[in-house]
Each structure stands twice: as structure tokens, then as C-alpha cells.
4 protein chains.
Amino acid sequence: MSAVPYDHKQLADAAGEIIVNVRELAALGWTPATSSNFSRRLDAAHAAITVSGRDKGRLTEADIMVVDLDGRAVGSDHRPSAETLLHTQLYRRDADVGCVLHTHSHNQTVASRLFAGEGRVRLEGYELLKAFRGNATHEAAIELPVLANSQHMPTLAAQVDTLLDHGPMWGYLIDGHGLYAWGRDMAEARRHLDAFEFLIGCELDLRRLGVRG
Amino acid sequence: MSAVPYDHKQLADAAGEIIVNVRELAALGWTPATSSNFSRRLDAAHAAITVSGRDKGRLTEADIMVVDLDGRAVGSDHRPSAETLLHTQLYRRDADVGCVLHTHSHNQTVASRLFAGEGRVRLEGYELLKAFRGNATHEAAIELPVLANSQHMPTLAAQVDTLLDHGPMWGYLIDGHGLYAWGRDMAEARRHLDAFEFLIGCELDLRRLGVRG
Amino acid sequence: MSAVPYDHKQLADAAGEIIVNVRELAALGWTPATSSNFSRRLDAAHAAITVSGRDKGRLTEADIMVVDLDGRAVGSDHRPSAETLLHTQLYRRDADVGCVLHTHSHNQTVASRLFAGEGRVRLEGYELLKAFRGNATHEAAIELPVLANSQHMPTLAAQVDTLLDHGPMWGYLIDGHGLYAWGRDMAEARRHLDAFEFLIGCELDLRRLGVRG
Amino acid sequence: MSAVPYDHKQLADAAGEIIVNVRELAALGWTPATSSNFSRRLDAAHAAITVSGRDKGRLTEADIMVVDLDGRAVGSDHRPSAETLLHTQLYRRDADVGCVLHTHSHNQTVASRLFAGEGRVRLEGYELLKAFRGNATHEAAIELPVLANSQHMPTLAAQVDTLLDHGPMWGYLIDGHGLYAWGRDMAEARRHLDAFEFLIGCELDLRRLGVRG
């Protein structure tokens with residue numbers, strides 16, 4: 001009897017997963033002042049995403065909406081966040097992407113400003129590089145891109161597209177803004193997010209200790 | 001049958017909101033050693049405010065009193081904190097102000113000392129600037145004033161008045177002391193407080209990393 | 001019918017207060033690796049104190065013993081910690097002292113090593129100086145002494161006695177070791193402890209930021 | 001009726017202890033992105049160990065397997081982590097070792113990189129050195145070795161063997177990777193782990209403050 005073009009059970013599961021994980025991220029202080037947004041693919045044409053401007057530490061099902069992969073609201077009157085496009089871009093481009101997490105932690109924001117000039121954070125020599133899908137050794141290196149910030153989403157999306165054309169990638173920073181990280185499901189996206197946060201934190205501290213740069 | 005000139009339901013709601021939020025702020029360590037105070041407007045002539053010297057991590061309804069907008073106790077014998085005047089000043093001046101939060105976090109205190117000489121912290125280039133009412137882009141800049149500390153509240157209040165005469169403002173630091181932040185309601189005041197804390201923390205860290213100053 | 005020379009109710013109250021507060025301090029990471037000890041005066045001749053070597057995050061009544069003011073066990077076979085003497089010294093010397101808290105936080109340990117050469121940490125210009133009994137203004141300054149560490153408690157106690165001869169004092173650091181703080185009751189001792197920790201943390205950070213030293 | 005060569009009660013006890021402690025360590029952020037592993041000796045020939053790749057903040061009994069002291073799965077089809085060998089090496093070599101904890105905290109990872117060149121972190125002058133079995137004074141010094149990282153466990157194990165030949169030792173770092181700490185039982189291993197983490201954190205901060213190096 002549902003008039004909406006997605007599965008209710010799928011949405012309930014996705015919403016539950018988002019709520020549990022986002023409350024944990026909020027408790028870590030990675031979503032200050034109602035910032036950040038989070039999504040989960042429902043099917044080939046829809047994703048569940050947090051409604052813009054909600055307090056992430058008190059998230060409930062009412063704070064989650066459905067959008068199509070062009071970022072338009074489906075089955076509700078909620079106004080999707082402008083940044084919804086950066087989520088749906090990833091779902092449209094790669095059928096394997098099942099979850100996108102966008103946070104604003106202290107380390108992410110500081111690193112984005114510190115490395116904006118270089119356009120990337122180089123992560124090398126860490127055992128935790130094995131947390132990224134496809135990496136089996138600490139002898140790999142990963143470059144986390146840093147994009148200039150913009151209020152014009154198509155500008156950001158075009159830069160992300162260009163980066164993705166060059167090979168697999170699990171996240172990027174936006175200058176003064178925060179991190180996007182993703183994966184096949186919530187567990188993988190969360191593992192990538194946690195690994196980026198941890199490794200960025202190490203790189204910052206090595207600079208405070210005078211080892212780098 | 002109430003002999004007091006404010007609405008009991010209004011006070012109960014305000015007290016509940018203050019208790020939930022202040023306990024969260026205390027858990028973050030922003031109210032060390034019984035410091036800090038918090039208020040919520042009740043009506044055109046009254047506000048609820050925390051009683052001076054109470055442990056903010058164990059706040060209950062008994063730790064909240066009512067004052068008029070000259071800072072005098074109404075309906076109780078509690079002695080209002082001297083700093084009550086810095087709260088009521090804001091309620092008197094602007095009917096839109098509904099909530100004032102004063103905290104003493106590590107970052108706020110350290111920044112107040114570091115920037116006391118310049119008299120302000122300049123916040124620029126952050127996406128989170130959009131958290132402040134009236135800002136729609138990261139391309140804005142906000143200057144958070146730093147006042148010299150004083151035990152004489154009218155001296156501080158006069159400086160705040162002068163600053164407010166120059167335009168909209170959502171907070172200020174007092175040197176060696178902490179932050180005042182406010183908004184139309186608890187959610188907005190808290191969003192402003194969280195955004196100031198986060199942005200101050202970034203600015204401090206960029207200096208530890210040798211990027212600024 | 002009690003054969004012990006202290007009041008059972010008094011001990012139960014003191015133990016309850018110690019357990020609640022010490023678990024909070026353990027959760028903050030101020031009692032690493034079973035370190036730290038905590039006491040509360042029972043009467044003119046006895047104090048309750050934590051048994052040496054217990055996990056402070058899991059403290060129960062069984063981890064609290066009674067000592068006389070020479071530091072000897074009363075009514076139990078527990079071996080009091082060697083440092084018990086630094087607690088009882090304060091109770092013996094001043095009938096107003098009701099509670100002694102000894103912690104090993106990161107900031108306390110780092111500051112004790114950084115300032116060991118100068119023999120003191122100077123705390124000046126902070127509103128939070130008003131947290132110390134007898135201070136009504138931020139215009140005061142407090143000097144927190146730093147003693148050389150020793151495994152010989154009478155050596156430490158003699159230095160503390162000399163310092164107390166020079167005037168009122170609410171705490172001291174021991175190099176590479178941690179902080180002792182005290183007050184008339186648990187609330188005041190805890191307020192002094194929290195204020196020292198906070199102010200030490202600010203002083204360390206101002207040095208990381210290049211403002212001091 | 002058990003077909004497995006270890007005691008079920010022993011395993012249940014070990015699993016319970018691991019779950020409680022690992023969840024605490026996960027909450028501290030010492031096990032980012034499903035990293036880290038933890039074990040407890042069951043008897044002369046078996047140990048319980050966490051299954052590779054599980055989320056340490058949500059650990060349950062299903063995430064714990066049994067291995068023999070050559071690191072082969074016993075009574076289950078779980079694939080043991082490659083690093084299992086670094087746990088069983090310690091159980092094989094010393095009948096007194098009852099628990100091995102391997103974590104990846106920020107401080108451990110940063111220190112491993114900072115001190116990789118020197119091959120050790122020297123810990124000296126701290127009261128908390130008394131937390132290590134056999135140390136009765138802060139006047140001792142402990143050297144925490146830092147090994148080069150390798151995906152080839154026999155290479156790492158051989159280096160650990162050489163170090164153990166030179167005398168008692170309660171832990172080591174692996175460059176870019178994390179810390180191994182151990183003890184006779186969970187309480188002692190945890191005390192050693194907590195003490196290493198704390199002391200490493202102090203050493204790093206003294207360098208940030210310009211005191212060391």
C-alpha cells in the first residue's frame with residue numbers, strides 16, 4: 001500500500017544504522033553546532049540522508065529523509081541540504097558505494113587548512129593504512145585530497161569527479177570544512193572515516209613535535 | 001494563586017532545558033570548579049539563571065533562580081551572581097535574546113589570554129561560520145571581541161554596550177575568564193557557543209602548528 | 001557494640017563520598033595504573049583513606065580503610081600506602097582540613113617536570129583563582145610549589161611543613177609524580193583540585209603556544 | 001562431553017574479562033578502525049584471542065576464539081590474525097605471562113614514529129615507573145623498545161626474542177603501528193599498558209613544550 005518508491009524496511013534499517021553511528025560520532029565532537037551529514041544507499045535510485053541543521057547528538061528517525069540520486073526529496077517535504085549532491089554523486093557513480101559519512105572534526109578542519117596549499121595529506125608508513133579497502137600492507141601510501149571550499153556544489157562535485165577518474169579513493173577533505181568518507185556499507189565507511197581521522201591526527205601531532213615539514 | 005510575577009510552567013520548562021544543557025557542558029569540562037553561569041528568558045521582565053557557586057555537573061531545579069532584568073532575585077532569597085548583570089544586560093537590550101550561556105573552557109580561557117593584546121579573535125574561512133545567525137557562507141569573517149577582565153560588572157557591561165552599538169554580535173571573551181554566547185533560544189545559543197568553542201580550538205591549534213602569527 | 005574507635009555512620013558517609021568522586025576522577029584519566037590516593041577526615045583522630053594499589057575506576061567500600069593520624073591502620077589488617085603520611089600530616093596540622101585528594105593527571109605530571117627547576121608554578125590573572133578559599137578576585141596570584149620526589153615520606157612531609165609555616169596553601173606538586181590538593185570538605189577539596197588542574201593546563205598550553213617562557 | 005582440549009569455564013571467564021577491558025580501551029580510542037588484538041592464557045597450551053577485524057567497541061563472546069601456542073585455531077573455523085604469533089610467542093616463552101594486550105592509541109603510534117630512529121623510548125624519573133612489576137622506586141629507568149614494522153611476523157618475533165634474552169620487559173612498540181604490553185594476568189597487563197600509555201604521553205608533551213630533544 002506504500003505510495004513511495006522505496007522499501008520501508010530498507011529505510012527503517014538504514015535509519016537505525018545512521019542514528020546509532022551518528023550519535024557516536026556526535027559524542028566524539030565530530031559534528032559541532034548541527035553541522036555534518038550522513039547517508040546510506042537504499043537501492044539503485046534512492047538514499048536515506050540526515051535532514052540539514054539537526055542536532056546530531058539527538059538524532060531520531062524524524063531527522064532522516066529519502067532523496068533520489070539527483071538529490072531531490074522523495075516522499076517528504078524536507079529541504080535536502082545543499083551538500084546532498086556530494087553524497088548522491090558517489091552513489092550514482094559507483095554501485096558499490098553504500099554509505100557516505102561527512103564530518104567536521106577538529107583534526108579534519110585543522111588539517112584541511114594546514115594542507116590546503118599542498119592540496120593533499122600524504123599518509124605513509126602506518127599499519128592502519130590496512131584499514132582502507134584494497135590495502136594489505138603498511139608499505140602503501142595514501143593521498144587524501146584537499147579541495148578548496150565552495151558554496152557551489154557543482155564546482156566541488158566536478159573536482160571530485162576528476163579525482164575519481166584517476167583511481168579508487170575513500171575520502172577527501174574540503175578546506176576549512178571537513179571530511180567526506182565512504183564505503184560499501186556503514187561498517188566500511190565508518191572504518192575508513194575512523195582511519196582517516198586517526199592518521200590525520202598523527203600527522204598533525206608529528207608536525208607539532210617538529211618531525212614533519 | 002501564584003504570588004510570583006512569572007509563569008510557573010515557563011520556569012519549569014526553562015529550568016529543564018538549562019539542566020539538560022548545562023550537564024552536557026559540564027561533562028565536556030567547560031564549567032570547571034563550580035564556575036560558569038547560564039540563563040533563559042522567561043518573559044519581558046524576568047529570566048531564570050543558575051545560582052552562583054553550584055556544581056554544574058550535578059545541577060538540579062534547586063540550583064536555578066528567577067531574576068528581574070536589573071538582576072534582582074524574584075521569589076527567592078538566593079543571592080544572584082555578580083555576573084547576572086552581564087546576562088540581564090543582553091535581555092534588556094534586545095527582545096530577541098532568549099538565552100545566555102557563559103562557560104570557562106580550556107580553549108576559551110587560553111584564547112582569551114593569547115588574544116587579549118589584540119582585543120579580538122578573527123575567525124575566517126571556516127564552513128562553520130554558517131552556524132552563526134545571519135551568515136550564509138564561509139566567505140564571511142567574524143571577530144570575537146576579548147575584553148579585559150574586571151570584578152566591576154558595570155565596567156564590563158559598558159564595554160559590551162559599546163560593542164553592541166556597532167552591530168550584531170553573538171558572543172565575547174573576557175581575558176583569563178571565559179566566553180559569553182547567546183541566541184534567540186537555547187538551541188541557537190548552544191549552536192553559537194559550540195561554534196565559537198570549535199573555531200577558537202582550530203585557531204589555537206593552527207598557531208601550535210606554526211601556521212598563524 | 002562497635003569495638004572500633006570511630007563512628008560507623010561517619011565512615012559510611014565518607015566512603016560513599018570518596019567512591020563517587022574518585023570514580024569521576026578515574027574516568028577523567030587522573031588516576032592511571034592504580035596510582036593516586038584519597039582521604040576524608042572522620043574525626044579529630046581518624047581518617048578514611050583508599051587502600052594502596054586498587055583500581056580507582058572500580059572503587060568499592062572494600063577499597064577504603066581507616067587510619068589514625070600517624071598513618072596506622074585502625075580496625076583492619078590493610079597495609080596503608082606509604083603516602084598516607086602526606087594525608088595525615090595535613091589533618092594533624094589543621095583541624096579545618098577535612099579532605100585530601102592526590103591525583104596523577106597528565107597535566108599535573110608534565111607540569112611537575114617542567115617547573116621542577118623553578119620549584120613552583122605561578123598562576124596569575126585567571127578568574128578561576130576565585131575558586132581557592134580566601135580569594136575574591138582574579139587580581140591575586142597563587143604559587144603552586146613543586147617538590148622533588150622522594151620515596152622517603154618524612155623528607156617530603158618536612159618540606160610541606162616548611163611551606164605551610166609560610167601561610168595558607170591548598171596544594172602542591174611532586175616532581176614526576178602528581179598533585180596533592182585539600183580543603184575543608186570534599187566539595188572544597190574537589191574545587192581546589194579541579195581549579196589547579198585547569199590552571200596548570202592553561203599554563204602548559206600558553207607555553208606550547210609560545211606565549212610564556 | 002566437550003571435544004575441545006580446554007576448559008569451558010576457563011574460556012568463559014577469559015572472554016568476560018577480555019570483553020569488559022577491551023570495550024573500555026575502545027572507548028578511550030586506543031583501537032581505531034577495528035585494529036588491535038587482545039589475548040588471555042587459558043592453560044599451558046591454549047589462549048583465548050580476539051578474532052581479527054572485529055569492532056572492539058562492540059566486542060561479544062562471538063568475537064573471541066581459542067588458539068594453541070603455535071597460533072592455530074582450536075575448536076573453531078575462525079582465521080586467527082597474523083599477529084597472533086606475537087601473542088603466543090610470549091605465552092610459550094614464559095609460563096608467568098597470562099595476558100597480552102596490543103593497542104594502537106594516538107600516543108603509541110606517534111611515539112613509535114618519533115622514536116623509531118633511536119629504537120627506544122627512555123622513561124625516567126616518574127613515580128608511575130612503580131606500576132611495572134619489579135620496580136619499587138621512581139629512581140629506576142625503563143627503556144621501551146621500538147621495532148621496525150613488518151608484515152612478516154617471524155621477523156618481528158625474532159627481534160622480540162632477542163630483546164627478551166636480555167632481561168625482563170613488559171612491552172614494546174612497533175613503528176607506525178602500536179604497543180604490545182603484557183603481564184601475569186589481565187590486571188597486571190592492563191596496569192602495564194596504562195602506565196606505558198601515560199608515560200609515553202608525558203614524554204611527547206615534554207617535547208611539544210621544548211623540554212626534551
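This is a predicted model: local features need pLDDT of at least 70, side-chain atom pairs count only at pLDDT 80 or more; totals for chains, interfaces and linings use all residues.
Biologist: Where does His104(A) lie in chain A?

Modeller: His104(A) sits in the loop between strand 4 and helix 3 (106-114).

Biologist: And which residues does His104(A) touch, not counting those up to four places away in sequence?

Modeller: Within chain A, the list includes Trp30(A), Pro32(A), Thr109(A) and His177(A). From chain B, Glu127(B), Leu128(B) and Phe198(B) also touch His104(A).

Biologist: What does UniProt list for "binding site"?

Modeller: The unreviewed entry gives His102(A) and His104(A). The side chains of His102(A) and His104(A) are joined by a polar contact of 3.4 Å.

Biologist: Is His102(A) buried or exposed?

Modeller: Buried means under 20% relative accessible area, and His102(A) is at 0%, so it counts as buried. His102(A) belongs to strand 4 (residues 99-103). Leaving aside neighbours within four places in sequence, its contacts include Glu83(A), His87(A), His177(A) and Tyr180(A).

Biologist: Now the chains. How can chain D be laid on chain C?

Modeller: A turn of 90 degrees with a shift of 0.0 Å along the axis does it, and the RMSD is 0.0 Å. That is the relation of a four-fold axis.

Biologist: Which residue of chain D comes closest to the rotation axis?

Modeller: Arg208(D), with its C-alpha at 4.6 Å.

Biologist: Why do we say the copies meet through different surfaces?

Modeller: Because only 4% of the interface residues of chain D are also interface residues in chain C.

Key: Residues are numbered from 1 along each chain as its sequence is written. Chains are lettered from A and ligands numbered from 1 in the order in which they are written. Side-chain values use heavy atoms; hydrogens and water are left out. UniProt positions are given in the numbering used here, feature names are shortened, and annotations may be inferred rather than shown by experiment. Helices (H or I, at least four residues) and strands (E, at least two) are DSSP runs, numbered from the N terminus. Buried means under 20% relative accessible area, exposed over 50%, partly exposed in between (1.4 Å probe, protein chains only). Contact means heavy atoms within 4.5 Å. A polar contact is a pair of N or O atoms within 3.5 Å; within protein, one must be able to donate a hydrogen and the other to accept it, and residues adjacent in sequence count only if both atoms are side-chain atoms. Copies are superposed by least squares on the C-alpha atoms of residues with pLDDT of at least 70 in both.
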